[in-house]
Amino acid sequence: MRRLTLRRAPGRPLERPSARRPARLLAATAAATVLTLTASGCVTVHGELALMPPATEAEAAQALADFTSAYNKADKAYDPAMDAGRVTGPLGEINQAGLRARAVTTPGGNPNHRPLELTDARFVLPKKAGWPRWFLADTDSNRDTDEGAGDQRWLLVFVRNGPQQLWEAAHLVVLGPAQVPEFAEEGGYAVPVAADSDALAVAPADLGKEYVSFLKDGQPGQFTAGAHTSLWREQRQKGANRPGLATQYIDRAADQGDFAPLGLRTKDGGAFVFFATRFFERQTAAPGYRPKVDPAVKALLTGEVKNTVTKEWVSNQVALVKPAGTDRDGVTVAGRLQGVVGAQGS
């Protein structure tokens, strides 16, 4: 399969050739694509037994363009209603809470709005039966540099739960180009991984629970050391008992509905899995003191902060999972995006 090369606008460097050839990819400028959704990908099959691609490449490009347009309108006005129909799952909850908070802290809208551009879109389309259907958009944003360590890819997972529903972005992580794996394919399409697959070191359905367990006590040992595992635990432990302020964490798996894990088979026999968790950060001040509350958190606050504030976070991760038979270091959490979605004072 040949990867197309997109010329950038004058004044920007040409895209660098890549050795990666992900399954069923389209190199295109999605934001500039103006296409009408066709019936393909929207067909209802009795019994939902037929294996079908989630969308055509043109439909995927349109879904990305629609998301980007709605995102920019919402970000400019700080109005969550403007993109509520284009986000769902962990990304949706983070996005909507952030917009609600900024609408309170900056009621006149975003004075520093800079339109998001998602270009060089490569679509990974897994063929599967039934709903939900979903696909991955691997894109280049205008929020990074195009050379060196600052070069990044925005990976968005779009889901659709029925033929009459819109495509909605459910997951987002930001990775370096080298962190995006090569995907396996069958018949020209990517291969989804069943949630209960026993072909992996950890089944996608168990990733959230095992990650929560690891963050609590470092067990099980399937997670490789890194920024989102061992270092994240160390950071929490260091901040747990600062003078005058005690911090506690309670983690929960989030794996129902549009929070359900979604995985793609990789060429090495493993999988690339998006999954979500929810955690509560409880800060308690010494007698006679109150925890400091950031304005953005205060905008989401219920109750009165006397000596305790509990922040609720949603965390969106992507992991590289090795094949079954790997006793240790079978899971590498490659990226994480998190945001405060609520707060309670007491």
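The side chain of Arg153 forms a polar contact of 2.8 Å with the side chain of Asp120 in this predicted model. A second polar contact, of 2.7 Å, links the side chains of Arg153 and Asp138. Arg153 belongs to strand E3, which spans residues 153-160. With a relative accessible area of 4%, Arg153 is classed as buried because this value falls under 20%. Beyond its neighbours within four places in sequence, the contacts of Arg153 comprise Asp120, Arg122, Asp138, Thr139, Asp140, Val173, Val174, Leu175 and Pro177. The C-alpha atom of Arg153 is separated by 5.9 Å from that of Gly176, a residue 23 positions away along the chain.

Strand E10 (residues 262-265) pairs with two other strands. An antiparallel arrangement with strand E7 (residues 192-193) contains two bridges, and within this pairing Pro192 has Leu264 of E10 as its bridge partner. E10 also runs antiparallel to strand E11 (residues 271-285), to which four bridges join it; here Gly263 is partnered with Val273 of E11. The side chains of E10 are described by two directions: Leu262 and Leu264 point one way, Gly263 and Arg265 point the other way, and all are buried. Five residues lie between the strands of the E10 and E11 hairpin, where Gly269 adopts a positive phi near 95°.

A positive phi is also found after helix H1, at Tyr78, with a value near 50°. Helix H1 itself comprises 21 residues (57-77) and extends 31 Å from its first C-alpha to its last, close to the 30 Å expected at 1.5 Å a residue.

Note on methods: Residues numbered from 1 in each chain as written. Predicted model: local features only at pLDDT ≥ 70, side-chain atom pairs only at ≥ 80, totals over all residues. Heavy atoms only, no water. Expected span 1.5 Å × (residues − 1). Buried < 20%, exposed > 50% of the residue type's maximum accessible area, 1.4 Å probe, protein only. Contact = heavy atoms within 4.5 Å. Polar contact = N/O pair within 3.5 Å; in protein donor to acceptor, adjacent residues only side chain to side chain. Pairing = 2+ DSSP bridges.
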